[in-house]
Amino acid sequence: MELLSALSLGELALSFSRVPLFPVFDLSYFIVSILYLKYEPGAVELSRHHPMASWLCAMLHCFGSYILADLLLGEPVIDYFSNNSSILLASAVWYLIFFCPLDLFYKCVCFLPVKLVFVAMKEVVRVRKIAVGIHHAHHHYHHGWFIMIATGWVKGSGVTLMSNLEQLLRGVWKPETNEILHMSFPTKASLYGAILFTLQQTRWLPVSKASLIFIFTMFMVSCKVFLTATHSHSSPFDVLEAYVCPVLFGSASGGDHHHNNHGGSQGGSGPGSPHSPLPTKSKEELSESSRKKKTKKAD
């Protein structure tokens with residue numbers, strides 16, 4: 001707090017936390033969310049043949065975090081759909097992105113400088129949703145740290161956590177693409193942000209909520225804009241996780257190597273041979289056959 005006061009960021013952070021999200025920031029959130037839907041394979045064909053299913057998928061992309069958070073807290077999952085202004089705004093964005101003549105709206109919002117502005121504004125909404133979700137969960141469960149973290153996490157990345165349900169609406173079933181198995185940067189950042197906001201909400205982190213919202217928003221905007229501009233799918237957390245995860249959870253590659261050696265010894269010719277000669281022989285046979293094929297082609 002003293003550092004923030006010295007840098008005169010206290011009042012700026014407070015003013016920033018009071019900026020209303022509707023309609024400008026929410027509009028940007030809807031545009032980027034439905035853009036990601038259109039990038040999915042078969043999404044355009046689905047909108048032409050099954051527009052109702054396409055609209056439901058768009059609503060999940062826009063409001064999936066609210067639905068999942070209400071489900072966790074035992075509240076009506078359809079409650080947010082009573083917000084007519086947001087539903088109409090998201091529906092208008094969906095229609096323009098998928099059905100605008102000559103794809104003019106889609107081409108405009110996909111223009112990289114314009115898209116980067118929308119991406120930055122979406123991250124503002126994401127961080128605010130995390131903070132509001134944790135405050136909401138704290139109102140119901142004052143000492144439920146894990147409930148607050150889970151609620152803030154799904155508020156920030158609910159649509160990605162519900163990706164398999166959204167795929168089912170499009171007639172696709174890919175359980176191997178579960179977001180829990182392959183976390184993207186927004187999902188990881190939402191989890192870490194939920195932990196920070198929970199610590200702040202429970203007075204373990206000596207920072208005001210407005211300052212934390214401002215700092216974490218700047219971090220999210222900088223990272224997401226850079227990743228979008230460079231078309232990168234990496235994560236700023238990869239370097240840290242590469243050092244921390246092997247220490248805490250062991251090396252995955254080492255476990256696989258041990259498993260492969262164990263399987264090879266079981267299939268070997270004798271108990272004393274650590275490696276079986278069969279794979280070497282098969283490789284020699286393959287190389288010999290490939291050499292013969294090349295010789296025939298040369299002839």
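Me: What should I know about the numbering and the confidence limits before I start?
Reply: Residues are numbered from 1 along each chain as its sequence is written, and, because this is a predicted model, local features need pLDDT of at least 70, side-chain atom pairs count only at pLDDT 80 or more, and totals for chains, interfaces and linings use all residues. Side-chain values use heavy atoms, with hydrogens and water left out.

Me: At what angle do helix 3 and helix 5 pack?
Reply: Helices are DSSP runs of H or I with at least four residues, numbered from the N terminus, and their axes are lines fitted to C-alpha atoms over the stretch in contact, with angles running from 0 to 180 degrees between N-to-C directions. Here helix 3 (residues 24-39) packs on helix 5 (residues 51-72) at about 130 degrees, the axes being 9 Å apart. Angles under 35 degrees count as roughly parallel, over 145 as roughly antiparallel, 65 to 115 as roughly perpendicular and the rest as oblique, and the two helices are therefore oblique to each other.

Me: Which residues of helix 3 and helix 5 meet?
Reply: Contact means heavy atoms within 4.5 Å. On the helix 3 side the residues are Y29, F30, S33, I34 and L37, and they meet S54, C57, A58, H61, C62, F63 and S65 of helix 5. By class, this contact of helix 3 with helix 5 divides into 8 nonpolar, 4 polar and no charged residues, where Ala, Val, Leu, Ile, Met, Phe, Trp, Tyr, Cys and Pro count as nonpolar, Asp, Glu, Lys and Arg as charged, and the others, Gly among them, as polar.

Me: Is S33 buried or exposed?
Reply: Buried means under 20% relative accessible area, exposed over 50% and partly exposed in between, with a 1.4 Å probe and protein chains only. S33, found in helix 3, counts as buried because its relative accessibility is 3%. Leaving aside neighbours within four places in sequence, S33 is in contact with H61, C62 and K122.

Me: How many residues does the largest nonpolar core have?
Reply: In soluble globular proteins, nonpolar side chains tend to be buried together. A nonpolar core is a set of buried Ala, Val, Leu, Ile, Met, Phe, Trp, Tyr and Cys residues joined through side-chain atoms within 4.5 Å. The largest one in this model has 57 residues, and those with the most contacts inside it are F30, I34, F63, F98, F185 and F197. Helix 8 (residues 112-140) supplies the largest share of this core, 11 residues.

Me: What does F30 touch?
Reply: Not counting residues up to four places away in sequence, F30 touches C62, F63, S86, L89, A90 and V93.

Me: How are helix 8 and helix 9 arranged?
Reply: Helix 8 and helix 9 (residues 145-161) pack at about 150 degrees with axes 8 Å apart, which makes helix 8 roughly antiparallel to helix 9. Among the residues that meet are R126, K129 and I130 of helix 8, and I147, M148 and T151 of helix 9. The contact of helix 8 with helix 9 has 5 nonpolar, 6 polar and 3 charged residues.

Me: How many residues of helix 13 are buried?
Reply: Of the 12 residues of helix 13 (residues 238-249), the number buried is 1, so this helix lies largely in the open. Helix 13 is followed by G250, whose phi is positive, near 85 degrees.
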